[in-house]
Amino acid sequence: QVQLVESGGGLVQAGGSLRLSCAASGRTFSNYAMAWFRQAPGKEREFVAALSGSGGYTDYADSVKGRFTISRDNAKKTVYLQMNNLKPEDTAVYYCASSDSVYYSGTSRAPYAYNNWGQGTQVTVSS
């Protein structure tokens with residue numbers, strides 16, 4: 001089982017930036033598709049960004065496109081979410097997830113495609 005631990009969340013003012021990290025341990029990381037989801041109180045879990053196992057393909061929700069960047073460092077077994085120009089509506093618990101079934105060159109927006117999840121890290125953006 002792959003264990004994922006998120007970090008880097010916190011409180012930031014609108015317009016600010018944060019970088020979330022998701023460190024993996026256990027089974028192979030480098031070939032896994034990775035994704036970030038978020039969930040705000042009273043709202044459905046929402047897809048944020050995904051990165052193919054190959055590192056060659058990314059996918060972003062429209063709400064974060066142009067502001068967020070997902071990347072990975074295979075040597076460190078870590079995936080990142082760089083969040084710029086944060087908005088109050090970005091406030092949520094952010095979860096990273098990995099999949100050992102999504103094609104190496106592809107990604108998925110579907111939560112069921114991901115079989116490993118981190119514990120979440122809180123991001124709060126004040127206006």
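Is glutamate 46 buried, partly exposed or exposed? In this predicted model, glutamate 46 is partly exposed, at 29% relative accessible area. That value falls between the 20% and 50% cut-offs. The side chain of glutamate 46 forms a salt bridge with arginine 38, 2.9 Å from N to O. Arginine 38 counts as buried, with 5% relative accessibility.

Arginine 38 also meets aspartate 90 in a salt bridge, again N to O at 2.9 Å. This pair links distant parts of the chain. Aspartate 90 sits in the loop between E8 and E9, and arginine 38 in strand E4, 52 residues apart. Both aspartate 90 and arginine 38 are buried.

## Arginine 109 and aspartate 59

The side chains of arginine 109 and aspartate 59 meet in a salt bridge at 2.6 Å, N to O. Arginine 109 lies in the loop between E9 and strand E10, and aspartate 59 in strand E6, so the bridge ties together parts 50 residues apart in sequence. Arginine 109 is partly exposed, at 44%. Aspartate 59 is buried, at 14%.

## The salt-bridge network

Shared partners join Arg38, Glu46, Arg67 and Asp90 into one salt-bridge network. The model has five salt bridges by the rule used.

## The nonpolar core

The largest nonpolar core holds 38 residues. Trp36, Val48, Phe68, Ile70, Leu81, Met83 and Tyr94 have the most contacts inside it. Strands E3, E4, E5, E7, E8, E9 and E11 each supply at least two core residues.

Leucine 81 touches residues including Leu18, Leu20, Trp36, Val48, Phe68, Ile70 and Tyr94, leaving aside those up to four places away in sequence. Arg19, Ala49 and Thr69 are also among its contacts.

Notes: Residues numbered from 1 in each chain as written. Predicted model: local features only at pLDDT ≥ 70, side-chain atom pairs only at ≥ 80, totals over all residues. Heavy atoms only, no water. Core = buried A, V, L, I, M, F, W, Y, C linked by side-chain atoms within 4.5 Å. Buried < 20%, exposed > 50% of the residue type's maximum accessible area, 1.4 Å probe, protein only. Helix = DSSP H or I, 4+ residues; strand = E, 2+ residues; numbered from the N terminus. Contact = heavy atoms within 4.5 Å. Salt bridge = Lys/Arg side-chain N within 4 Å of Asp/Glu carboxyl O.
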